[in-house]
Amino acid sequence: MSEDTIKYAVELPKVDISAYEEGNRGIPYVTTFDSGIEGDNILIMAVTHGNEICGPIVLDFLFKNNVRPKKGKLTLAFSNVAAFESFDNDAPEKSRFVDEDMNRVWSADVLDGDRVTTETTRARQIRQIVEEADFIFDIHSMQTAIEPLMICGPLEKGRQYARELGVPEFIVSDAGHAAGTRMRDYADFGNPDSPKNALLLEAGQHWAKSSGDVALDATIRYLKMHDVIDQDAFSEHEIPNPPKQKLIVVTDAVTIKNGSFKFAEPFIGFECLEKAGTVIGWDGDEEVVTPYDNCVLVMPSRRQKVGDTAVRLGRLED
């Protein structure tokens, strides 16, 4: 059976987040806890995509366990709630967004422009929360069952930030997508001269139980890294003995130009193609090949719309 035809079981429960709708910021589904002590302003974001349910599980855990920052501020926010509310176990892939990908609208020209969709409307609602944060941890998951990875952006500050956290095993450094700007790259988070920083966790396959475990482990470690919670808090939820991290630097993104993109093989991600010129697939009649030896395929996508990223190509650096 090819990866294209695999139907993944929904092992994670969709949590009820209705209790968090009111929040305390005057913005639905946004809650900020202020310690009253000087420190970092941390934002944990969940459900940027409505079919990625490990993030809501983590935030629900933090709320129910009364997690409060020792210093600084901690904001817990649910992003694309409208898409999440449409999640259906019988068709789990259909709730990624309502009108457009919410992780492609984070640029000033879009947010200050006149495009009105469910996602741009919500992004404008939470824009203030994103802009005021010093550090962002954005929880996501993936289409296929591959190893978790941390997307740190194209800058050295992001790479060092991911290394400081220490999980998961794979760090992916890339510049994003032609279709639009991600939240983790928005404004000063993408400025090499700003101390602001952001990480985007891809915790594993969307509905695998393991993605919930990975997301909780990484979030607990992230909060400890910023001294938001005590170092011994929730240690039972940390995955022991994490492997040494490896960095993949993305050099190219294959953007779909035709509506009939087809992969040469059922790639799922992290395949290392030994020889330059190896055929990856076809964009219409145009052959797409590896540009160099030992080319790593990063997150090949089964969403094949013109303007979307089919796959990213990278080098394993360490």
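Residues are numbered from 1 along each chain as its sequence is written, and side-chain values use heavy atoms, with hydrogens and water left out. Because the model is predicted, local features need pLDDT of at least 70 and side-chain atom pairs count only at pLDDT 80 or more, while totals for chains, interfaces and linings use all residues. Helices (H or I, at least four residues) and strands (E, at least two) are DSSP runs, numbered from the N terminus.

Strand E7 comes first. E7 spans residues 197-205 and is mostly covered. Nine of its nine residues are buried, where buried means under 20% relative accessible area, exposed over 50% and partly exposed in between (1.4 Å probe, protein chains only). Strands of a sheet pair through backbone hydrogen bonds, either parallel or antiparallel. Two strands are taken to pair if DSSP finds at least two bridges between them. Strand E4 (residues 135-142) runs parallel to E7, and seven bridges join the two. Within E7, Leu200 stands opposite Asp138. Strand E5 (residues 149-151) pairs with E7 in the antiparallel sense, over three bridges. Here Leu149 stands opposite Glu202 of E7.

A further sheet is open and has three strands, in the order E9-E11-E12. Its pairing is antiparallel. Strand E9 (261-263) and strand E12 (286-289) stand at the edges, each with a single partner strand, so one side of each lacks a neighbour in the sheet. Neighbouring strands of this sheet are turned by 25° against each other on average, direction ignored. Strand E11 (residues 279-283) pairs with E12 over four antiparallel bridges. Trp282 has Glu287 of E12 as its bridge partner.

Helix packing is considered next. Two packed helices are described by the angle between their axes and the distance between the axes. Axes are lines fitted to C-alpha atoms, for helices over the stretch in contact, and angles run from 0 to 180 degrees between N-to-C directions. Angles under 35 degrees count as roughly parallel, over 145 as roughly antiparallel, 65 to 115 as roughly perpendicular and the rest as oblique.

Helix H1 (residues 54-64) packs against H6 at an angle of about 50°, with the axes 9 Å apart. H1 and H6 are therefore oblique to each other. The contact (heavy atoms within 4.5 Å) involves Cys54, Val58, Phe61 and Leu62 of H1. From H6 it involves Ser211, Gly212, Ala215, Leu216, Thr219 and Leu223.

Helix H5 (residues 156-165) also meets H6. Their axes come within 9 Å and cross at roughly 105°. That makes H5 roughly perpendicular to H6. Tyr161, Glu164 and Leu165 of H5 make the contact with Ala218, Arg221, Tyr222 and Met225 of H6.

Two loop residues complete the account. Ser235 lies in the loop between helix H6 (209-225) and strand E8 (246-255). Ser235 counts as partly exposed because its relative accessibility is 35%. Its side chain is joined to that of Lys224 by a polar contact of 3.2 Å. A polar contact is a pair of N or O atoms within 3.5 Å; within protein, one must be able to donate a hydrogen and the other to accept it, and residues adjacent in sequence count only if both atoms are side-chain atoms. The C-alpha atoms of Ser235 and Arg221 are separated by 9.0 Å.

Val116 is found in the loop between helix H3 (108-111) and helix H4 (118-132). At 66% relative accessibility, Val116 counts as exposed.
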